[in-house]
Amino acid sequence: MSTTKKWHQNRFKTSRRSFLGRSVGAAALGTFWAEETIQAYQGNVRTASKPSDLRITDLRVAHVVGAPMRCPIIRIETNQGLVGYGEVRDGASPNYALMLKSRILGQNPCDVDKIFRRIKQFGFHARQAGGVCGVEMALWDLAGKAYGVPCYQMLGGKFRDKIRLYCDTDMSRDPKVYGERMKARFDHGYTWLKMDLGIGLVENIPGCVTRPAGVTQRSANQVQHMFTGMELTDKGAELMADYVGKVREVVGMDIPLAADHFGHIGVNSCIKLGKALQKYNLAWLEDMIPWMHTELWKQITDAIDIPTLTGEDIYLKEPFIELCKNHAVDIIHPDLASSGGLLETKKIGDAAMEYGHAMAMHFAGTPVSFMANVHCAAATENFLVMEFHSQDVPWWHDMVTGIKKPIVDKGFAAVPDTPGLGIELNPDVIKQHLMPGTEYFAPTPQWDKDPVNDRLYS
Ligand SMILES: [Mg+2]
C-alpha cells in the first residue's frame, strides 16, 4: 500500500474532522479529487455572474387575469441581464409593487433581507402586503439565479421532495353532488380536500338562523362576525352538520376534509356549529372569525374537538406568534404573498413549531407565486399542506417553462433543483391572458423617482 493511500485511509477514519478540512488538504496533494473532476466542478461555478456587482435596474408588471383570479406578475431586471419574477397577491393592485421601484433601483437584489427590511413598512395585512411580498419573491429568484442554487437551499435546505396540495372545489347545494365533485379530486390524486360550508345553506330555512330582519349572509359580508347579530340555532347547526355527513358518505371518513366560508356568525354560533361537526372529524374549520381576535379564537378552539385555523390575511410574523403563543388556533395558514414572502413565512412556520403548531399554506395565483410557496414549504419542517385553486384552468401550467410538467401532478408538486424559483415565463401564453388594456411588461419610468423620507424613527 502506498504511503498516500494509507494517509487517505487514516484521514477517512478521523471522521470527526471537517469535510472542508479533508477536501482542502487532499486537494492540495492533488490526489483526493481527480483533476478533471475539479475542472468540471469549477466549470459549474457562475463566476461570470458576479453576484456582488448585480444591481436592480427596472421593475415591470404583466397583469394576468382568469388564472382563475387576477394576478399581477412582476419582473425585476438587473445590470447583468438576469431577471427575477415575483407576484403581487391575487386581486391586489400592481401599484403596491410599482411604488417600491424607486426604493430598490440600484440595490443588489442578493441582499434580500436588507431590502425586505427597508420596504416592509409599505406592506400591511391582506392584499396591501402584495407589493412587498412580490418584490421579495423576485429578489430570491434573482439571488438563486446569480449564485446558481434553488430558493429552498438558500432558506436552509429541504425537509421534503414534493409538496402536498389541497384543492378547492365548486360548491353545490346538493351534498351528494358536492361529494362526487370532491371524490373526483381524490381520484385525481389529491390526498386532502376542502369544502365550502356557509350558512347560506340554511339561512332561508325557517328556524335555522336568528338575526335582525333584513340581515343576510350577503349583506353582513363586510361586517365583522361578532357584530352582525346572526346566530345559528340548534336546528341550523344540525342541518349544516347533516350536509357534511352526506358529503362524508361519498368521500369517506379517512381523507382529511377541511371547511371554510362559514358566513359571519357570532362566536357562540361558531362553537355550536363546531360541536355539531365534531362527529365528521373535519381537518380544520377556517377563518370562523377575523384573525386578530386572539382571545375569541381561543374560546372557540378550547370549546371544540376539531382543529381551527386562520392566517391568510396576516402580514408579518408577529401576529402569528401571538396566535401560537396563546394556542388560539390549532393550525396557522399564511398566504406567502401576504405574510411577508419566503423568508418571513419560513420564520412564521419555525415560530409556530416552537409552540407546537403546524403550518398549512393559503395560495391563489400563477405558477410564479406557486413556486415561491413550494420552495418555502420544502424548507419548513412543520408544513402540512398547501392550497391550489387552478386545477380547472387548462393553461395554468403553460404560463411557465423550465420546470417538469404538469407542475401539479396527482395532488403534489415536485420541488425543483434549478436556480431561483426554477421557472421562466412563457410570453405567448401570458400575453393571451393579460388584463384588457394592459401590456406585457410595459416600461414603468413614471415609478423611477419618489423623493421622500421613509425613515421610521428619529
Ligand atoms: Mg380561506
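These legends describe close-up views of a predicted model.

**View 1. The largest nonpolar core of the model holds 128 residues.** Six residues have the most contacts inside this core: I74, V135, L165, Y166, M240 and I332. Helix α7, residues 130-147, supplies the largest share, with 10 residues. At least three of its residues come from domain 2 (51-148 + 439-447), and at least three from domain 3 (162-431). In soluble globular proteins, nonpolar side chains tend to be buried together.

**View 2. I74 and its contacts beyond the neighbours within four places in sequence.** I74 is among the core residues with the most contacts inside the core. Which residues is I74 in contact with, once neighbours within four places in sequence are left aside? They are L59, V61, G86, E87, V88, A97, G134, V135 and A138. One of these partners, V135, is also on the list of residues with the most contacts inside the core.

**View 3. Strand β8, residues 257-260, is covered on both faces.** L257 and A259 are buried on one side. A258 and D260 are buried on the other. Strand β5, residues 193-196, pairs with β8 in the parallel sense. The pairing runs over 4 bridges. Look for L193, which stands opposite L257 of β8.

**View 4. Helix α15 spans residues 341-354.** This helix has 14 residues. From first C-alpha to last, α15 reaches 20 Å, close to the 20 Å expected at 1.5 Å a residue. Which residues of α15 are buried? They are G341, L342, L343, E344, T345, K346, I348, G349 and A352. Just after the helix, G356 takes a positive phi of about 90°.

Note on methods
Residues numbered from 1 in each chain as written. Predicted model: local features only at pLDDT ≥ 70, side-chain atom pairs only at ≥ 80, totals over all residues. Core = buried A, V, L, I, M, F, W, Y, C linked by C-beta atoms within 7 Å. Buried ≥ 20, exposed ≤ 12 C-beta atoms within 10 Å, placed from the backbone. Helix = DSSP H or I, 4+ residues; strand = E, 2+ residues; numbered from the N terminus. Domains from an automatic or database assignment. Contact = placed C-beta atoms within 7 Å. Pairing = 2+ DSSP bridges. Expected span 1.5 Å × (residues − 1).
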